Amino acid sequence: MKKGFFNKKSNIFSLLIIFLFLCCSLFAPLISPHDPYEIHLDSSLRGPSRSFPCGQDNLGRDVLSRLIHGSRVSMTVSIATVSVSLIIGILIGSIAGYFSGWADELIMRLIDILLAFPGILLAIALSSVLGPSLKNIVIALSAIGWTGYARITRAQFLSIRERDFVIAAKSSGASAGRIIIKHILPNALSPLLVEASFGMAGAVVAEGALSFLGLGIQPPYPSWGSMLGEGRDYLLIASHLTIFPGIAIMAIVLAFNFIGDGLRDLMDIRETK
Amino acid sequence: MRKFLIRRILLFVPVLLGTLTIAFSIIHLIPGDPVDIILGENALPADKDALRKALKLDLPLHRQYITFLSGLFKGDLGYSIYTKQPVIRTVMERYPATIELALASIIFSVLFSFPLGIVAAIYKDRWPDHITRFFSLTGLCMPNFFLAPILIIIFSIELGLLPVSGTGGIQNIILPSITLGFGMSSILTRMIRSSLYEVLNDDYIRGAKAKGVDNFSILLKHALPNALIPVITILAMQFGSLLAGSIITETIFSWPGIGRLVIQSIYARDYPLLQGCLIFISLSYQFINLILDLLYAFIDPRIRYEKGVL
């Protein structure tokens, strides 16, 4: 085996970043130096200072505390979106891949239809119609997110179901459900894991975009995207309102992308060995 | 070839119908009465009834669907609630700006990624390559709603070189096209780098070197044309998504394209207009992909056989 997952500095670093943000979101009220909703109108838009390391926003609220609380939104949305999409994607993808025929054709056309709306257009339209809330963001993002996992699951199933151990299980009379869950799925998981890691990064960005446009998390609750959206009005005088939430998003997106790359390298090594 | 053509075009029909159905059902996904949401609950009953009639919400669902589809065939997407204008006209007015921005960002990403990718391939694993990697990593993980404000801070506020938003001259399109094209150029850079590096180590390049061809001609005449094939494929595929992926960029820079129209119609709760945008964007996206597929099948015989089997 070549280099392992933990021998690479960028992987360790990414895990640390994710761990840090996870801690922030879990213990937000304990860690944040100020109340994220506390208004100080006399010191609004002030830049970073000793007691407010990331500065204050237009209502004088502490940007650092809002960032820490905002990590809850990013983490919740990305974990929930990826989990929901994974479950739906695996379920539908296994049906398409295992049974083929008309079920496969139907499911693939459904995926084609959803992918005919480029980018997050459909998510934007959906969340605008459903109304802004955490739950609706997850619904809107998962409504499209599952397609990627379904395609991967299907492709995996198509190649695995021809392998000897599956044929052996089939000929010994195992039911379809048993073959799918016990024999094929465990062997199909690795590319899904890689995709899920990239999916986490994608969900953070998508949530940010929705909140930035005012279609996601509503004020006064802090989300990195909505903080960037509010910061847009003060670019001229208070650029710290834009820079800090932006860096937070970049850091977590970078970390999830590195983990995805690292996992992919790891899987490739195993497959070629 | 004919079999592939027929199959690809036949598959286009159900997908088309599906996307139209999704666009149609958008207004029905609104929790509660759409008319209440659009006009507010305290609106006069007469106004509500008039709007319900105008949106054809008083008809049974299947009748609504049939009127919707038959209207589409006549090029009728209904009327905008606020401007009272035909949706199709508003959408058509906005579309040229979006195409203009998409083209500009393609030009930007080509200008940006080709030199970087070439330099990175030639100096692989040396400092120019590392700098390039930094750029493409940034492009990969920097969402455009962060990139755009940063560009505005640097080029409009600090340097005072470019306008913050709006349209008009060529200077107005620079920042939006960088914002939209940066992500794509980072993908392109990495592709050019790996593709060119592979080609540069091929036998025929070694042959050309042995023949005494100078490095510049090798790069320009021998290596680049072959390295560019996968790159151009990606470029073409990205164009379709650029036409729609500009929602945030257009909103930030007040660019009068169809992406901003989507957001404006959402803010105004102008659902017929939103519906029209959805239909128009997904139709043009599907159409571009269809044409690309057919073109590739025409150029590369392997594709039509593979897909014919599927």
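A residue is called buried if 20 or more other C-beta atoms lie within 10 Å of its own. The model described here is predicted.

Start with chain A, which has 10 helices and 0 strands. Read from the N terminus on, its elements run α-α-α-α-α-α-α-α-α-α. The C-alpha trace of chain A spans about 75 × 45 × 30 Å along its principal axes. Of the 273 residues in chain A, 49% are buried. Among the contacts in chain A with a separation of 6 or more, 68% are between residues 24 or more positions apart.

Next comes the place where the chains meet. Here 36 residues of chain B are in contact with 32 residues of chain A. On the side of chain B that touches chain A, at least two residues each come from helix H1 (2-25), helix H6 (127-141), helix H7 (144-158), helix H10 (215-244), helix H11 (247-252), helix H12 (258-267) and helix H13 (271-299) of chain B. By class, this side of chain B has 28 nonpolar residues, 8 polar ones and no charged ones.

One of these helices, H7(B), can be followed along its length. Its 15 residues, at 1.5 Å a residue, should span 21 Å, and the end C-alpha atoms of H7(B) are 20 Å apart, which agrees. H7(B) also bends by about 25 degrees at B:Ile152. B:Ile152 is itself among the buried residues of the helix; the others are B:Asn144, B:Phe145, B:Phe146, B:Leu147, B:Ala148, B:Pro149 and B:Leu151. Just after H7(B), B:Gly160 has a positive phi of about 65 degrees.

The last stop is a pair of helices within chain B. Two packed helices are described by the angle between their axes and the distance between the axes. How do the axes of H5(B) and H12(B) cross? The axes of helix H5 (residues 87-122) of chain B and H12(B) come within 7 Å and cross at roughly 135 degrees. H5(B) and H12(B) are therefore oblique to each other. On the side of H5(B), the contact is made by B:Val91, B:Arg94, B:Tyr95 and B:Thr98, and on the side of H12(B) by B:Ile258, B:Gly259 and B:Leu261. This contact of H5(B) with H12(B) has 4 nonpolar, 2 polar and 1 charged residues.

Key. Residues are numbered from 1 along each chain as its sequence is written. Chains are lettered from A and ligands numbered from 1 in the order in which they are written. This is a predicted model: local features need pLDDT of at least 70, side-chain atom pairs count only at pLDDT 80 or more; totals for chains, interfaces and linings use all residues. Two residues are in contact if their C-beta atoms, placed from the backbone, lie within 7 Å. Helices (H or I, at least four residues) and strands (E, at least two) are DSSP runs, numbered from the N terminus. Ala, Val, Leu, Ile, Met, Phe, Trp, Tyr, Cys and Pro count as nonpolar, Asp, Glu, Lys and Arg as charged, and the others, Gly among them, as polar. Axes are lines fitted to C-alpha atoms, for helices over the stretch in contact, and angles run from 0 to 180 degrees between N-to-C directions. Angles under 35 degrees count as roughly parallel, over 145 as roughly antiparallel, 65 to 115 as roughly perpendicular and the rest as oblique. The expected span of a helix is 1.5 Å times one less than its number of residues. The bend at a residue is the angle between axes fitted to the seven residues ending there and the seven starting there. A residue is buried if 20 or more other C-beta atoms lie within 10 Å of its own, exposed if 12 or fewer, and partly exposed in between; C-beta atoms are placed from the backbone.
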